[in-house]
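Subject: Structure handover

Hello,

Here is the structure I said I would pass on. My notes on it follow below.

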Amino acid sequence: MILVFCMSKYIFVTGGVVSSVGKGITVASIGAILKSRQITVSVQKLDPYLNVDPGTMSPYQHGEVFVTQDGAETDLDLGNYERFIDVNLTAESNVTSGQIYSAVIAKERRGDFLGGTIQVVPHVTTEIKERFKRLAQKSKAEVVIIEVGGTVGDIEGQPFLEAIRQMRNDVGRDNIFYVHVTLLPYLTSTQELKTKPTQHSVNELRRIGIQPDIIICRSDHPISEGIRDKISLFCDVDRQAVISLPTVSTIYEVPLVLEDEGLGQLTLDKLGLKAQQPNLSQWQKLLSSLKESHEPVNIALVGKYVELKDAYFSVREALHHAALHHERDVNLIWVQSEDLEKDNSDALLHTAQGIIIPGGFGIRGIEGMIKAANYARSNKIPYLGLCLGMQVMVIEFARYVLNSSEPNSAEFDASTPYPVIDLLPEQKDIENKGGTMRLGNYPCELSPGSRAATAYGQSVVYERHRHRYEFNNQFRAQLEKAGMVYSGLSPDGRLVELCELANHPWMVGCQFHPEFGSRPGRPHPLFHDFIGIAKNILREGAQPLLPLS
Ligand code: GLN
């Protein structure tokens, strides 16, 4: 079968030696330096696991599930791509083995391959290449960057590697190149970086027919000229195509390091692209303000997956973006919500100038979160509730108003007499768990004069959702009378999307995930106002130093 590709050029990025060396950030940074030359870019992540999407995985397994505007539940790397390249990606930007095999088997059942034996090559690899083509056509980007998840040698990753190998012939070698991101371990005893694991992983790539054009060397130390020569010789890449990427203090420095190493020009040369001079002034500005030291603002993040910081990747980034805008550094206090169930809240929250409760599922730790919301309301500490965080805020307020410990979400107590949070009516008959929540962008109308409307400065906003439960309208009037303000509703008025407390400096809950829309240099309005209020709250250890005179 001949595949006709539109005129996009492709960069394929593989990983060597170990995972978690920042391949996603590297890909996002390549996108950023191309975009700084006015080249249009789109990005795709290939995930070798057999789940159709990460939506059914525990955050402990996978980290955050990033939701695109069109409602796809995707890998957290897509969040980095969006933040670095400042694009809104779609479902086409995350492809998993689960999706590929489901599609191939559905075609087989339909009879598309009647008479044939279905095989990894060509059927699975063709399906994979179709996904590359689909993204290129839909995005019309000049360059499509495709990251292969995992490391070279993983069993599940083989069909993806075979597909990217075939692409060289499909689109021609001038329209494609391969980047390999690898780790150079440092031996303290001999005080040197070792290249042997990189040589092995490049050998593994060559064995399947891929010769990398560029090798990006991650290490905790800059690489010497000798190391560069050695990798160039053993791995057969140009000397200037051995790129040093030492560990840096902030991920937002990576585009500048790669540009300094010449990766931008190298990419243009390899793909035969002409472009404008790079303009990285925004990145330089961002970096210099990140490197200045600012007064801290203490924010407690109360969640159930806090041992794995990646579970809240976008929340953490959104807090940093907002704090930077206010010339503050976020001092994040990670609070395991179950600990609040055992300890008195003040012991864990007494330094917090703001409390944030992010999204989550399941009953574990819920009572601790409700205690945190109670603490924020009673002590007038700024509070931002994200999805589950809004639901927790509603439960806590209802318990106070009804003077009962029974109000709950039907997710946590199916027999509560006060299900203040209940299943969305359209969710009642849904049985399958995968991809069936209320997902992606929905409009929300803001009530004039509310804190939310003030933050946004707009009357209608579109925000990304991922939930099955929602505010139960039976309790609307009762809670409103006690001081709850419904500051954002769906246009038909049926769904409460944002609520806040009248008698509190800033306690706001949103049924959506604003963190996904925050960008460095353009903080999300709710995060912006949350930090803006929190920074002026005086708590223990957070008093600003007064001038002596
Ligand atoms: N578990 C809640 C629901 O399904 C909240 C989901 C979330 O925080 N993303 O509605």
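C387 is buried, with a relative accessible area of 5%, which puts the residue below the 20% cut-off for that label. The model is a predicted one, and C387 sits in the loop between β15 (383–386) and α16. Its phi is near 60°, a positive value in a residue other than glycine. Most residues other than glycine have a negative phi, and most peptide bonds are trans.

Q191 is exposed, at a relative accessible area of 60%. The other place is the peptide bond between V121 and P122, which is cis, with omega at about 15°. P122 is part of helix α5 (residues 120–139).

The ligand

C387 also belongs to the set of residues around the ligand. At least two residues of the shell come from α16 (388–401), and at least two from β19 (460–467).

Which atoms of E411, R468 and H513 come up against the ligand? For E411, a polar side-chain atom lies 2.7 Å from a nitrogen atom of the ligand. For R468, a backbone N or O atom lies 3.0 Å from a ligand oxygen atom. For H513, an N or O atom in the side chain is 3.1 Å from a nitrogen atom of the ligand. On its own the ligand has 300 Å² of accessible area, and the protein covers 99% of that.

Aromatic rings

How many aromatic pairs does a search of the whole structure find? The count is 13. One of the pairs is formed by Y252 and W283, with ring centres 6.4 Å apart. Their planes meet at 35°, so this pair is tilted. Y252 is in the loop between β11 (242–246) and α9 (254–260), while W283 is in helix α11 (residues 281–291). The two are 31 residues apart, and the pair links distant parts of the chain. Both Y252 and W283 are buried.

F471 and Y486 make an edge-to-face pair, 5.2 Å from centre to centre and with 70° between the planes. F471 belongs to strand β20 (residues 469–471) and Y486 to strand β21 (residues 484–489), so the pair ties together parts that are 15 residues apart in sequence. F471 and Y486 are both buried. Elsewhere, Y10, F12, F132 and Y178 form one aromatic cluster.

The charged end of K309 sits over the ring of W334, at 4.8 Å from its centre. R377 lies over the face of Y400, at 3.8 Å from the ring centre.

Residues apart in sequence

Three further pairs are worth a note, each given as a C-alpha distance. L34 and Q265 are 231 residues apart along the chain, and their C-alpha atoms are separated by 9.3 Å. L34 lies in helix α1 (residues 23–35) and counts as buried, at 0% relative accessibility.

D213 and H180 are 33 residues apart in sequence, with 7.9 Å between their C-alpha atoms. D213 is in the loop between α7 (196–207) and β10 (214–219). Is D213 buried or partly exposed? Its relative accessibility is 24%, so D213 counts as partly exposed.

D422 and S409 are 13 residues apart along the chain, and their C-alpha atoms are separated by 5.8 Å. D422 is in strand β17 (residues 419–423) and is partly exposed, with a relative accessible area of 22%.

Regards

Terms used
Residues numbered from 1 in each chain as written. Predicted model: local features only at pLDDT ≥ 70, side-chain atom pairs only at ≥ 80, totals over all residues. Heavy atoms only, no water. Phe/Tyr/Trp six-rings, centres within 6.5 Å; stacked < 30°, edge-to-face > 60°. Helix = DSSP H or I, 4+ residues; strand = E, 2+ residues; numbered from the N terminus. Buried < 20%, exposed > 50% of the residue type's maximum accessible area, 1.4 Å probe, protein only. Lys NZ or Arg CZ within 6 Å of the ring centre and 35° of its normal. Near = heavy atom within 4 Å. Polar contact = N/O pair within 3.5 Å; in protein donor to acceptor, adjacent residues only side chain to side chain. Areas by Shrake-Rupley, 256 points an atom, 1.4 Å probe, with all protein chains shown as cover.
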